Amino acid sequence: MVASESTLVFTVTRREPELIIPAKSTPHELKPLSDIDDQDGLRFRQPAIMFYRGNGDYGKDPVKVIREALAEALVYYYPWAGRLREGDARKLMVDCTAEGVVFVEAEADVTLDEFGGDTLVPPFPCLEELLYDPIPYSVGVIGCPLLLIQVTRLKCGGFVVALSATHAMTDASGLVQFLNAIAELARGATAPSLLPVWQRELLNARNPPRVTCTLHEYDQLPKSTSTAAPVDDMVFRSFFFGPSEISALRSAVPHHLQSCSTFELLIATLWHCRTIALNLDPNQEARLLFAVNARHKFNPPLPAGYYGNACAFPGAMSTAGEICRNPLGYALELVKKTKANVTEEYMRSMADLMVLRGRPHFTVEQTYLVSDITRIGFAEVDFGWGKPAYGGPAHNGSVPDVASFFVAFKNSQGEGGKLVPISLPAPAMEVFVKELQVLLKGRL
């Protein structure tokens, strides 16, 4: 386990938020989102954060460099400077008004090393100071700025780039593509090396829409009658999975499953141990939802530069009793079968379902949601000061008792791996750790 609690306190001085508009005139038009973009579950802002060391070139101010590069990038990605409107049947579209994105300049009386230096890991102290969001969450995304970026100088010469981006506009891969465009322009490029592709009609529903695949992730389930644990009884832990831990888990599954991907193995392990730990009714349904990038599931693949949402959230299902009674291989088989279901036809069915059923939210009842963004590229975004000491989710990566988002991490021995955040009620966390120790043969 990795401890990530911090008592660090510091002061941030912010200037008034400003709107950054494209550096040149851009088209004023109405651009509909795809029928996958505008589903209910993506109508929120996703936060991310990147910490950078100063590289000794103090002649350049990261705030000025990034502000100017952002304005240049918005010439290519001009829909980001617009506002979302909602049309008939809840259809979202971008009104490309060039009103701009929110930019905040700030300074903090703290050093990068005080945050953890090269072992940075969420949750980060005083996050609300590093990512000031003047738009209340309850306001939603209609008619609001689509992106907020705060650049905070640190007293060591380093800086922090924190942002909040409207998920309906892009998934994590598309967001990193946009950030890389800003970064390239910040480093002196005259244009992004990968030009953006809108073409949201590629993921629109068919005419007529027809759902040919089963998408359990959009089942409308009754509200759970079980009593949720009080928030103050929730325990947060992060678990590191490096080469030795993954090897131990592979040895715990049948030989014919040992060629599975690390992602499949990890999410099956989490689902297995978490279900046991929660002590659910054996007949209760336990669901696992996980994000699958479907860009290359299409024939031909979606064009390079496409930055809309192109992920599925397929759902594996079983009764809690079956998961608890069976060894880890049972959950792994279900994960592999569920992941294999994500095809082009599956994505077409998802778009069709959105139109037919009013763009529903994916289910969160009786569900555990997992996403691995360690390979998305947040940790590679270079504005001219080198790669970040940390790049990834701004929050601790865990939604209490609901979701986990993996982050890249190196342990004290310098081994690279995945850090998996978990939030569970205190008694359940004890059982979770015990079950995981059994599978890891005491390596925890």
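This is a predicted model: local features need pLDDT of at least 70, side-chain atom pairs count only at pLDDT 80 or more; totals for chains, interfaces and linings use all residues.

Residues are numbered from 1 along each chain as its sequence is written, and side-chain values use heavy atoms, with hydrogens and water left out.

A nonpolar core is here a set of buried Ala, Val, Leu, Ile, Met, Phe, Trp, Tyr and Cys residues joined through side-chain atoms within 4.5 Å. Buried means under 20% relative accessible area, exposed means over 50%, and partly exposed is in between, with a 1.4 Å probe and protein chains only. The largest such core has 64 residues, and those with the most contacts inside it are Phe241, Trp271, Leu288, Met350, Ile422 and Phe432. Helix 6 (residues 262–278) supplies the largest share of this core, nine residues. Helices (H or I, at least four residues) and strands (E, at least two) are DSSP runs, numbered from the N terminus. A second, separate core has 51 residues, including Val63, Leu70, Ala172 and Phe383.

Contact means heavy atoms within 4.5 Å. With neighbours within four places in sequence left aside, Trp271 is in contact with Ala286, Arg287, Leu288, Ala316, Met317, Ser318, Ile323, Ala331, Leu334, Val335 and Tyr368.

Next comes a helix pair. Two packed helices are described by the angle between their axes and the distance between the axes. The axes are lines fitted to C-alpha atoms, for helices over the stretch in contact, and angles run from 0 to 180 degrees between N-to-C directions. For helix 5 (residues 243–250) and helix 6, the axes come within 11 Å and cross at roughly 75°. That makes helix 5 roughly perpendicular to helix 6, on a scale where angles under 35 degrees count as roughly parallel, over 145 as roughly antiparallel, 65 to 115 as roughly perpendicular and the rest as oblique. From helix 5, Ile246, Leu249 and Arg250 meet Thr262, Leu265, Leu266 and Thr269 of helix 6.

Helix 5 has the buried residues Glu245, Ile246, Ala248 and Leu249. Seen down the axis of helix 5, these fall within an arc of 160°, so they line one face of the helix; the arc is that of the directions from the helix axis to the C-beta atoms. The partners of these buried residues are strand 10 (234–241), helix 6, helix 8 (328–340) and helix 10 (426–440).

Helix 8 also holds Lys337, which counts as exposed at 54% relative accessibility. Lys337 and Ile182 are 155 residues apart in sequence and 39 Å apart in space, C-alpha to C-alpha.

The remaining residues lie in loops. Asp38, in the loop between strand 3 (30–32) and strand 4 (45–52), counts as buried at 0% relative accessibility. Not counting residues up to four places away in sequence, Asp38 touches Arg43, Arg90, Lys91, Leu92 and Arg359.

His167 is in the loop between strand 9 (159–166) and helix 4 (172–186) and is buried, with a relative accessible area of 11%. Leaving aside neighbours within four places in sequence, His167 contacts Leu42, Phe44, Arg45, Gln46 and Asn309.

Pro145, in the loop between helix 3 (127–130) and strand 8 (147–154), is buried with a relative accessible area of 16%. The C-alpha atoms of Pro145 and Leu19, 126 residues apart along the chain, are separated by 8.9 Å.
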